[in-house]
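Biologist: Before we discuss any assignment, please show me the model, and let us then go through the terms one by one.

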Amino acid sequence: MNSPQKRIGLVGTGFIASGFARLLHNHATDLTLSAVLTRRPAASVEGFPCTDRFTHSEQELLDKSDLIVECSGDVLHATRIIDIALKAGKPVVTMNSEFHVTTGSYFADKGLLTEAEGDQPGSIAALREEAVMMGFKPLVYGNMKGFLNHHPTPEEMAYWAGKQGISVEQTTSFTDGTKIQIEQALVANGFGGTITRQGMEGPKATDVTKAAIELARGAAERGQAISDYVLAPGNAGVFVVGTHDKSEWKALNYLKLGDGPYYVLVRPFHLCQYEIIKTVRRVLHGGGVLLNNSSSPTVSIVGIAKHDMPAGTRIDRAIGGFQVRGEAARIADVKGHVPIGMIQDAVLTRAVSAGQTLMFDDVELPDSLAHTIARQLYA
């Protein structure tokens, strides 16, 4: 007898959500897309299958789902939906690193909550899992970035957003470095690692292996695994650098991993929405958490003003905007900071200067569950 299809509820209707929905609809015979929670009118959503499953009802999402996939990209919205989902006993798989590094730690021990494979943090987590199974001891959890510009213009971002088929906000957060800072903070917290300094090292590299090994030497001197990235145009993917038993060095050299003692394992792709399904099946089959922000984070993402702003300035959304960018920082070093994921529908209560780190006292934020949690975690 065939097992009944598992019902997958989805939160979001953007680029990631729509690609995942098409994959389920066209290729997953063991799963069914049962409900899609959206705040948009169905007629305004293009390229999305199964629009008859759209709902504006959170309760309908819960009632029709065995597992929920959250990929709205909205920290405040995700925090509220994940709260009610976990309270209802539903496992939650996310592709929303912004949520994890802002409020995710509050939920880390309140139910099954995991980031998915596919975006860089989940892909690093999967590669780490493989490395550990093979006997490696990780020292560096690494990401690759091709281009970085802390101050892109709206015109540049509109051009590239149209060319790539993603939103201006996404394009901007990728370009100004905010996204990679968020991703690596999540990895550091999830695996008990750290960062070497605010903003990470991010060495420029024509040879990723050499740069990765240099990062590993620094991690070995610190005696703690680090999360970082290399700026390497033309390269893509993630990597883990680890050590192995000296008795295995000769064999690893034969297997083309080099002389040691540092070994670089590379996964040269991450396929975002197309890989979420692997983590969904992992959870449904009892595999447990792949990655979350842990209940005791040590790294957060501060908001850095991109230019001078007077009191009264409104910031609709800091991540992916032209007023603020994000940097990873050790929480102990930036007490009282407001995480960049919280700077949404915010108003400055006093003037800030270009390069200044925004603190809770600098902004007026709307009341929300996310605001309450973030103050508890970071204020």
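Modeller: Leaving aside neighbours within four places in sequence, Ile166 is in contact with Phe15, Ala161, Thr171 and Phe174, contact meaning heavy atoms within 4.5 Å. This is a predicted model, in which local features need pLDDT of at least 70 and side-chain atom pairs count only at pLDDT 80 or more, while totals for chains, interfaces and linings use all residues. Residues are numbered from 1 along each chain as its sequence is written, and side-chain values use heavy atoms, with hydrogens and water left out.

Biologist: Why does Ile166 count as buried?

Modeller: Buried means under 20% relative accessible area, exposed means over 50%, and partly exposed lies in between (1.4 Å probe, protein chains only). Ile166 has 17% relative accessibility and therefore counts as buried. Its place is the loop between helix 6 (154–164) and helix 7 (168–175), helices being DSSP runs of H or I with at least four residues and strands runs of E with at least two, numbered from the N terminus.

Biologist: What makes Ile8 buried, and which residues surround it in contact?

Modeller: Ile8, in strand 1 (residues 6–11), has 0% relative accessibility and so counts as buried. Beyond its neighbours within four places in sequence, Ile8 is in contact with residues including Phe20, Leu24, Leu67, Val280 and Leu284.

Biologist: What makes a set of residues a nonpolar core, and how many residues does the largest one have?

Modeller: A nonpolar core is a set of buried Ala, Val, Leu, Ile, Met, Phe, Trp, Tyr and Cys residues joined through side-chain atoms within 4.5 Å. The largest such core has 51 residues, and Tyr141, Ile301 and Met342 are among those with the most contacts inside it. Helix 8 (residues 178–190) gives the most to this core, with six residues. Apart from it lies another core, of 27 residues, among them Phe20, Phe54, Met95 and Ile277.

Biologist: How do you know that Lys306 and Asp176 meet in a salt bridge?

Modeller: A salt bridge is a side-chain nitrogen of Lys or Arg within 4 Å of a carboxyl oxygen of Asp or Glu. For Lys306 and Asp176 the N to O value is 2.8 Å, and the pair is a salt bridge. The pair links distant parts of the chain, 130 residues apart, with Lys306 in the loop between strand 11 (299–305) and strand 12 (314–317) and Asp176 in the loop between helix 7 and helix 8. Lys306 is buried because its relative accessible area is 9%, and Asp176 is buried because its value is 0%.

Biologist: Which salt bridge does Arg197 form, and how far apart are the closest atoms?

Modeller: Arg197 pairs with Glu201, the closest N and O atoms being 3.3 Å apart. Arg197, with a relative accessible area of 39%, is therefore partly exposed, and Glu201, at 34%, also counts as partly exposed.

Biologist: Which residues are linked with Glu275 in a network of salt bridges?

Modeller: Glu117, Arg267 and Lys278 are linked with Glu275 in that network. Between Glu275 and Arg267 the N to O value is 2.3 Å, and both residues are buried.

Biologist: How do you know that Lys90 has no salt bridge?

Modeller: Lys90 is buried, and the nearest side chain of opposite charge, Asp66, is 5.4 Å away, so it has no salt bridge by the cut-off already given. For charge, Lys and Arg count as positive and Asp and Glu as negative, with His and the chain ends not counted. The side chain of Lys90 does reach the backbone oxygen of Ser65 at 2.8 Å, and a polar atom of that side chain lies 3.3 Å from the backbone oxygen of Leu62.

Biologist: What makes the backbone at Lys256 and Cys272 worth a remark?

Modeller: Most residues other than glycine have a negative phi, and most peptide bonds are trans. Lys256, however, has a positive phi near 70°, and Cys272 has a positive phi of about 45°. Lys256, at 69% relative accessibility, therefore counts as exposed, whereas Cys272, at 17%, counts as buried. A cis peptide bond, with omega about 5°, joins Gly260 and Pro261.

Technical notes
A polar contact is a pair of N or O atoms within 3.5 Å; within protein, one must be able to donate a hydrogen and the other to accept it, and residues adjacent in sequence count only if both atoms are side-chain atoms.
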